[in-house]
Amino acid sequence: MTVQAVLDEIRERPGTGEVIPIIDPATEEQITEFTDCGTEAVNDAVARAKESSESGVWKLLPPSERAKVLWKVADLIDENKDILAELEALNAGMPPGQAEMIVSVGSEWFRYYAGWCTKIEGIAVDVNASGLTGIDSRLHAYTLKEPYDVVGLIFPWNGPVFNFCAKLAPSLAAGCSSVVKPAEETPLSAIVLERILAEAGVPDGVANMVIGYGHTAGAAITAHPDVDKVAFTGSTEVGRAIVAASGQSNLKKITLELGGKSPVVIFDDANLDLATAVASFGTFIHSGQACVCGSRIFAQRGVYEEVVQRVAAMGNNLKLGGPKEDGVMIGPLISQKQLSRVLGYIDQGKSDGVEVVTGGHRLDRTGYFVHPTVLTNVSTSSRLFQEEIFGPVVTILPFEDEDEAVALANDSTYGLAATAWTTDLGRAHRIAKRLKAGTVGLNCQMQFDHSVPFGGYKQSGWGYESGKAGLDAYLQTKIVWAQM
């Protein structure tokens, strides 16, 4: 496929709702449009998924055969890496190198979970017990791991290929049928991935894609009584709405990967060259549009001023631009809506007396670009400190000792990720235990591997993705007792 073919195909995709424009965030130009699929399309997709599950065309396929299909999906993603990366860069505004990395990580999701297809197993145990009758019995008990029939997979715009693969690969490995909804801002790569699934041999009705707004198509998925489980990545606000919808329908099971306000703690014995470089990258990458971005930096008093200067210098030296510009390290925000949101937080901070060390403004050019922004003199009770901004904005505050650092870092309703920089190994492991976050990096940041579980504490989510835990999220446990 070509980029133009994808733009044409999505424009011709049937729907019954509003016409939704797709905007290039680097140029602010409309590149195509599509029609919201509407509720009936979601109902049809759920019906197809349920029918495919009941027929057993996928879940009863021998695990080794499912594994071959998943491996083929990975190979086809690699074969189509150029078009997928080009669409990812165009649709999300990210630099080509970043887009290529996301695609390569995407294919590995399918290879990793292909290996799990043949390793889904329960436990067995012999039991000597007294039943309700009081008669001693010799019993054999075992567990079965069974897939959910229909799962809804809903993912955001900040890494379309990554999120598509992260949810669909374990779902397919487990044997589930699914309804898949990409973000309305970034559905282009999903068109190619939909074709790849069919070419690889995923049976009709097993993975059904719908495209529309979250409040239409997404809401229809989460409210549907035949959807047994929903896996969602996005904002905590929408996560709460999904929980409410589940309670009002069939108490469907939910996996939520939600927002973050991740702290980075830099002690005065840290390697400042490495710590400040990585902390800056971990704050400003993708214009801060990643849930694990370290948007709150805490520096020990002895190195505080130097940390502020170094991070500000890094922000000033990062080249912003579109995917077709040379030497670009950071792309634009995704939309005018997101631009207004980020600038609104900054403007509120300015009116509250926050010191803008660098940035704090939109670039004087076309595109939704905000200069990397470093803020100090920020109140811990302010919205800037407490709320997820999802932009290239970082607050830097000083601390005196370990106890204060932990208190500041944990002063958040979020708990997705955290980082500590120190050469004191004892302190590093002490603070890892004290930080309330699902992932803690010690002298490293934004670490990732397909085999390691990922999830959040507090309001950063429910459940885990990646690794065996990510597969278990799509499996139910049945316990069987047998009289011997």
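I started with valine 150 and looked for its bridge partner in E6, which is serine 177. The two strands concerned, E5 (residues 150-154) and E6 (residues 177-181), run parallel and are joined by five bridges. I took helices (H or I, at least four residues) and strands (E, at least two) as DSSP runs, numbered from the N terminus. I counted two strands as paired if DSSP finds at least two bridges between them.

This is a predicted model, in which local features need pLDDT of at least 70 and side-chain atom pairs count only at pLDDT 80 or more, while totals for chains, interfaces and linings use all residues. Residues are numbered from 1 along each chain as its sequence is written, and side-chain values use heavy atoms, with hydrogens and water left out.

Next I traced the sheet that holds E5 and E6. It is open, has six strands in the order E7-E6-E5-E8-E9-E19, and its pairing is mixed. Strand E7 (207-209) and strand E19 (461-462) are at the edges with a single partner strand each, so one side of each has no neighbour in the sheet.

For directions, axes are lines fitted to C-alpha atoms, for helices over the stretch in contact, and angles run from 0 to 180 degrees between N-to-C directions. Helix H2 (residues 39-55) lies across E5, E6 and E7 and runs at about 155° to E6. Helix H8 (residues 214-223) also packs on the sheet, where it touches E5, E6 and strand E8 (229-233), its direction making about 160° with that of E6.

The other sheet I noted is open too, with seven strands in the order E12-E13-E14-E11-E10-E16-E17 and mixed pairing. Its edges are strand E12 (355-358) and strand E17 (439-442); each has a single partner strand, so one side of each is left without a neighbour in the sheet. Neighbouring strands here are turned by 25° against each other on average, direction ignored. Strand E10 (residues 263-266) runs parallel to strand E11 (residues 296-300), with four bridges between them. Isoleucine 266 has alanine 299 of E11 as its bridge partner. Helix H15 (residues 425-434) lies across E10, strand E16 (417-421) and E17, at about 170° to E17.

I turned to helix pairs. Helix H3 (residues 63-79) and helix H5 (residues 96-114) have axes that come within 8 Å and cross at roughly 165°. They are therefore roughly antiparallel, a label for angles over 145 degrees. Residues of the contact include Trp71 of H3 and Phe110 of H5. By class, the contact has ten nonpolar, two polar and three charged residues; Ala, Val, Leu, Ile, Met, Phe, Trp, Tyr, Cys and Pro count as nonpolar, Asp, Glu, Lys and Arg as charged, and the others, Gly among them, as polar.

Which side chains meet aspartate 78 in a salt bridge? Arginine 111 does, at 2.6 Å, N to O. The term means a side-chain nitrogen of Lys or Arg within 4 Å of a carboxyl oxygen of Asp or Glu. The pair links H3 to H5 across 33 residues. The structure holds 23 salt bridges.

Last, I checked helix H4 (residues 81-92), which packs on H5 at about 125° with the axes 8 Å apart. Lys81, Leu84, Ala85, Glu88 and Ala89 in H4 meet Ala99, Glu100, Ile102 and Val103 in H5. This contact divides into six nonpolar, no polar and three charged residues.

Note on methods. Contact = heavy atoms within 4.5 Å. Parallel < 35°, antiparallel > 145°, perpendicular 65-115°, else oblique.
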